[in-house]
Each structure stands twice: as structure tokens, then as C-alpha cells.
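Work through these exercises with the structure in view. Try each task before you read its solution.

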Amino acid sequence: MQLLEVMRDEYRYVPNILIVGSEDAAEAALQELSFVFAGPTDIRVLPGPLLPLPRANCAALILRNLESLTPAQQMELSQWLDSRPGVPVVSVNSSSVFPLVGDGTFNEELYYRLNMIVEDSVTGVGTASRLVNRSGVTR
């Protein structure tokens, strides 16, 4: 948590974060991360429309069910990230998206752009998961 505060306060930057865990664990992590976002968030539940994507007046874009992004939506999101809107993306998924990269159904470059907090490729456990576990919610 302190690292995110430093990044926000000193560098005015909040990284993209991938949260892997149950719905309860994801909610707990999002609540703990809410202090980082100074303003409104835009929540998209997938499958569903991705456009229009938010601009700089939004504090964060939260994508639920990341694995449901179609190839066209993956391209839209990549192009949006290329436009450098300054809006962090918090992705929430019940299981690791890494196997989808391996079988070619999820764009590898997009995966690594969204997954700034690294997860273990087998268990999905990473920094975000430790954040969730600290809050007392189990998967």
C-alpha cells in the first residue's frame, strides 16, 4: 500500500493493477485501493460494451471479468492505452488470465500492460493477492 501512495503522491502516477481472486476478495482489494483514486471511477462489467472509454476526468477504469474481452475490445483497449489518457486500469478476474495469453486468446502485450502488479503464473498469487489477504478476505 505504501508503494502506491508514494507513486500517487510523489510521482503523480498510479499503475495499472490486475486483481485475481474471488468476488469477495476483489471487492476487498478495490475498497483498499480506493484511497489511491482521487475522483470518480468508471466500472465496466464484461462481456459488454467497452466504448466509450473514459478520459482524464475519470480517476480509474475498472474492468470486471477481464477474460471476456473480445479480440476487437482488446485492440480498442490497447489503442486507448496508447493515447495516454493518464487513467489507471484496474482489472478484476476470478482466475489468472496468463493461460489465455499462452493459448493465444488474450493479447500478450495488453496483458503485460494491464498487469503492472505481477502475479504468479500458476497460482495467480502476487502483490494484489497479498493486499487482499491482508484485509482478511479469503478466496
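**Exercise 1: a strand and its partner**

Task: Which residues of strand S2 (residues 41-45) lie on the covered face, and which on the uncovered one?

Solution. The covered face of S2 holds Asp42 and Arg44. The uncovered face holds Thr41, Ile43 and Val45. Keep in mind that this is a predicted model.

Task: In which sense do S2 and strand S3 (residues 60-64) pair, and over how many bridges?

Solution. S2 and S3 pair in the parallel sense. The pairing runs over 5 bridges. Now take Arg44 from the covered face. Its bridge partner in S3 is Leu63.

**Exercise 2: aromatic rings**

Task: How many aromatic pairs are there, and of what kind is the pair of Phe98 and Tyr111?

Solution. Start with the count: 2 aromatic pairs, with ring centres within 6.5 Å as the rule. Phe98 and Tyr111 lie 5.8 Å apart, centre to centre, with 55° between the planes. Edge-to-face needs over 60 degrees and stacked needs under 30, so this pair is tilted. Next, place the residues. Phe98 lies in helix H4 (residues 98-102) and Tyr111 in helix H5 (residues 108-114), so the pair ties together parts 13 residues apart in sequence.

Task: Of what kind is the pair of Tyr111 and Tyr112?

Solution. The ring centres of Tyr111 and Tyr112 are 4.9 Å apart. Their planes stand at 80°, so the pair is edge-to-face. Phe98, Tyr111 and Tyr112 form one aromatic cluster.

Task: Which of these residues are buried or partly exposed?

Solution. Buried means under 20% relative accessible area. Tyr111 has 2%, so Tyr111 is buried. Phe98, at 29%, is partly exposed. Tyr112, at 43%, is partly exposed too.

Definitions and conventions:
Residues are numbered from 1 along each chain as its sequence is written. This is a predicted model: local features need pLDDT of at least 70, side-chain atom pairs count only at pLDDT 80 or more; totals for chains, interfaces and linings use all residues. Side-chain values use heavy atoms; hydrogens and water are left out. Rings of Phe, Tyr and Trp (its six-membered ring) pair if their centres lie within 6.5 Å; planes under 30 degrees apart count as stacked, over 60 as edge-to-face and the rest as tilted. Helices (H or I, at least four residues) and strands (E, at least two) are DSSP runs, numbered from the N terminus. Buried means under 20% relative accessible area, exposed over 50%, partly exposed in between (1.4 Å probe, protein chains only). Two strands pair if DSSP finds at least two bridges between them.
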